[in-house]
Amino acid sequence: MGLKSSLKDKKAVQLHWLQRAASMAKQSPHPAVKVGAVLVDAAGNEISRAANRFAHGVDDKPSERYVDGSRSLWINCAEQMVIARAVRKQSCLKGARLYVTLSPCAVCAGLIAECGIAEVIVPKNSCRANGRLKAKWKKSITIGLAKMQEAGVKLTLVDLEE
Ligand SMILES: [Zn+2]
């Protein structure tokens with residue numbers, strides 16, 4: 001297999017998992033920022049998938065929990081949920097890849113590094129694609145990127161248009 005075709009295969013794999021993450025994002029109850037994530041083990045098999053959502057057992061009905069300023073406290077990030085699912089299944093995250101539709105926040109980035117996840121794959125321009133992200137989220141994502149870089153978590157940006 002030539003270098004060009006293997007690069008093409010790699011891109012096809014990335015697009016496959018990012019599409020799965022994007023379809024998870026649609027299940028998010030968050031009114032503004034819907035994020036999906038898929039964890040894939042070192043052998044290339046899916047471990048878990050999740051959207052940003054309320055934790056199991058937490059009441060998702062009160063409307064005040066969806067109000068700007070509260071919802072980010074009530075609704076957990078997709079990365080946390082996908083890692084929690086992997087823990088429940090007792091899966092090994094060492095060397096795993098995390099496909100996520102939005103670049104991780106500062107809290108998730110620390111969790112990702114600590115879990116031994118080797119690579120995070122996000123669509124190029126994921127922040128722009130998620131509309132009007134508030135300044136505090138932009139700051140959180142910027143710190144998240146720095147954390148992953150310092151901790152040696154590889155970040156791969158995939159151009160969905162190409
Ligand atoms: Zn997060």
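Trainee: Which residue in E4 does Tyr 99 stand opposite?
Mentor: Strands of a sheet pair through backbone hydrogen bonds, either parallel or antiparallel. In this predicted model, Tyr 99 stands opposite Ile 121 in E4. E3 and E4 run in the parallel sense, and three bridges pair them.

Trainee: Is strand E4 largely buried or exposed?
Mentor: A residue counts as buried if 20 or more other C-beta atoms lie within 10 Å of its own. Strand E4 covers residues 119-123, and four of its five residues are buried, so the rest of the structure largely encloses it.

Trainee: What is the order of the strands in the sheet?
Mentor: The order is E2-E1-E3-E4-E5, in an open sheet of five strands with mixed pairing. From one strand to the next, the twist averages 15°.

Trainee: Which strands stand at the edges?
Mentor: Those are E2 (46-51) and E5 (154-158); each has a single partner strand, so one side of each has no neighbour in the sheet. For E2, five bridges join it to strand E1 (residues 36-40), and the two run antiparallel. Within that pair, Val 38 has Arg 49 in E2 as its bridge partner.

Trainee: Which strands does helix H3 lie across?
Mentor: Helix H3 (residues 78-88) lies across E1, E2 and strand E3 (97-100), and runs at about 140° to E2.

Trainee: How do I read the packing of two helices, and at what angle do H4 and H6 pack?
Mentor: Look at the angle and at the distance between the axes. Helix H4 (residues 106-115) packs on helix H6 (residues 135-151) at an angle of about 15°, with the axes 7 Å apart. Angles under 35 degrees count as roughly parallel, so H4 is roughly parallel to H6. The crossing of H4 past H6 is right-handed.

Trainee: Which residues meet there?
Mentor: From H4 they include Ala 106, Cys 108 and Ile 112, and from H6 they include Ile 143, Lys 147 and Met 148. By kind, the residues of this contact divide into eight nonpolar, three polar and one charged.

Trainee: How many other C-beta atoms lie within 10 Å of Gln 90, and how many of Asn 125?
Mentor: Gln 90 has 6 and is exposed. Asn 125 has 13 and is partly exposed.

Terms used:
Residues are numbered from 1 along each chain as its sequence is written. This is a predicted model: local features need pLDDT of at least 70, side-chain atom pairs count only at pLDDT 80 or more; totals for chains, interfaces and linings use all residues. Axes are lines fitted to C-alpha atoms, for helices over the stretch in contact, and angles run from 0 to 180 degrees between N-to-C directions. Angles under 35 degrees count as roughly parallel, over 145 as roughly antiparallel, 65 to 115 as roughly perpendicular and the rest as oblique. A crossing is left-handed if the near helix is turned anticlockwise from the far one by less than a right angle, and right-handed if clockwise. Two residues are in contact if their C-beta atoms, placed from the backbone, lie within 7 Å. Ala, Val, Leu, Ile, Met, Phe, Trp, Tyr, Cys and Pro count as nonpolar, Asp, Glu, Lys and Arg as charged, and the others, Gly among them, as polar. Two strands pair if DSSP finds at least two bridges between them. A residue is buried if 20 or more other C-beta atoms lie within 10 Å of its own, exposed if 12 or fewer, and partly exposed in between; C-beta atoms are placed from the backbone.
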